[in-house]
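Colleague: Please walk me through this model. I want to know what each term rests on.

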Amino acid sequence: RYIFYRESRLKQLDGGNFSVGNGRVIAWGRFQVRESDQSFIVVNVHLSPGSGPKAARAHGAEAARLTSAIASINTHDDPVIISGDYNSGRHKKGDRVLGHLGRTGYSNSLHIAEKTIGAQWNTYNWNRARLRTSGSHIDHIFVSHGVSVNVWQQYNHLVNGRVLSDHNMLSAAVVLPEEPVEVDATAKSVLLPSTTSRNMTRPLR
């Protein structure tokens, strides 16, 4: 798995890979926005293929390992973005992935975006030029609590009439939550002179 980013805008602080079982290896990276110094984590997933009860159980176990690994990595409590091929969706009977991610504090960017483009298309295209519109999405971008999404978009998978991938490209324009300002509770108070103190205080007579 790979994560591509613009070095002019982001600085990588950390990263690596971890397994979620069944031969599935996940890539992750911790980045810092150069303009604001705000940090966040990006995770690229590809869960096991397949449908049916057995596949659903495997997907659920992989999702549990995924969120557990992210929790152990995220020692700075950074915002998290998890994207990729989950091989899971609302259209799959007995799916255990989306529910688990929701219970552990993640939201599907498609469902919270202020604007969506191309959501009617299936994200898997069977390597065919004609896109299906049954609403089955197996590719997702999930974000942690506090991250908002301005635009979610699915792109046409054709370039000069050619199918480049069996999955359509997704994007999400996200807004990271503002970092809280830390105040030192031990800071000393300083009494500043007031320019109106002479007018406000008078001797009693």
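**Hairpin, cores and cavity**

Modeller: Start with the hairpin of E1 and E2: two residues lie between the strands, and Asn22 has a positive phi near 55°. The model is predicted, so local features need pLDDT of at least 70 and side-chain atom pairs 80 or more, while totals for chains, interfaces and linings use all residues. Numbering runs from 1 along each chain as its sequence is written, and side-chain values use heavy atoms, without hydrogens and water.

Colleague: How do you know that E1 and E2 pair?

Modeller: Pairing takes at least two DSSP bridges between two strands. E1 and E2 are joined by 10 and run antiparallel, so they pair. Gln12 stands opposite Phe31 in E2.

Colleague: What makes a set of residues a nonpolar core?

Modeller: Its members are buried Ala, Val, Leu, Ile, Met, Phe, Trp, Tyr and Cys, joined through side-chain atoms within 4.5 Å. Buried means under 20% relative accessible area, with a 1.4 Å probe and protein chains only. The largest core has 20 residues; Phe18, Val43, Leu66, Ile70, Ile82 and Tyr86 touch the most other members. H1 gives the largest share, four residues. A second, separate core of 14 residues includes Phe31 and Trp152.

Colleague: Which residues line the largest cavity?

Modeller: A cavity is a set of points on a 1 Å grid over the protein atoms alone, where a 1.4 Å probe fits but cannot get out; lining residues have an atom within 4 Å of a point. The lining includes Gly50, His59, Lys92 and Asp95. About 40 Å³ of space lies inside.

Conventions
Buried means under 20% relative accessible area, exposed over 50%, partly exposed in between (1.4 Å probe, protein chains only). On a 1 Å grid over the protein atoms alone, a cavity is a set of points where a 1.4 Å probe fits but cannot get out, and a pocket is an open set with protein on both sides within 12 Å along at least five of seven lines; lining residues have an atom within 4 Å of a point. Grid points are joined across faces, edges and corners, and a volume is the space filled by probe spheres set on the points.
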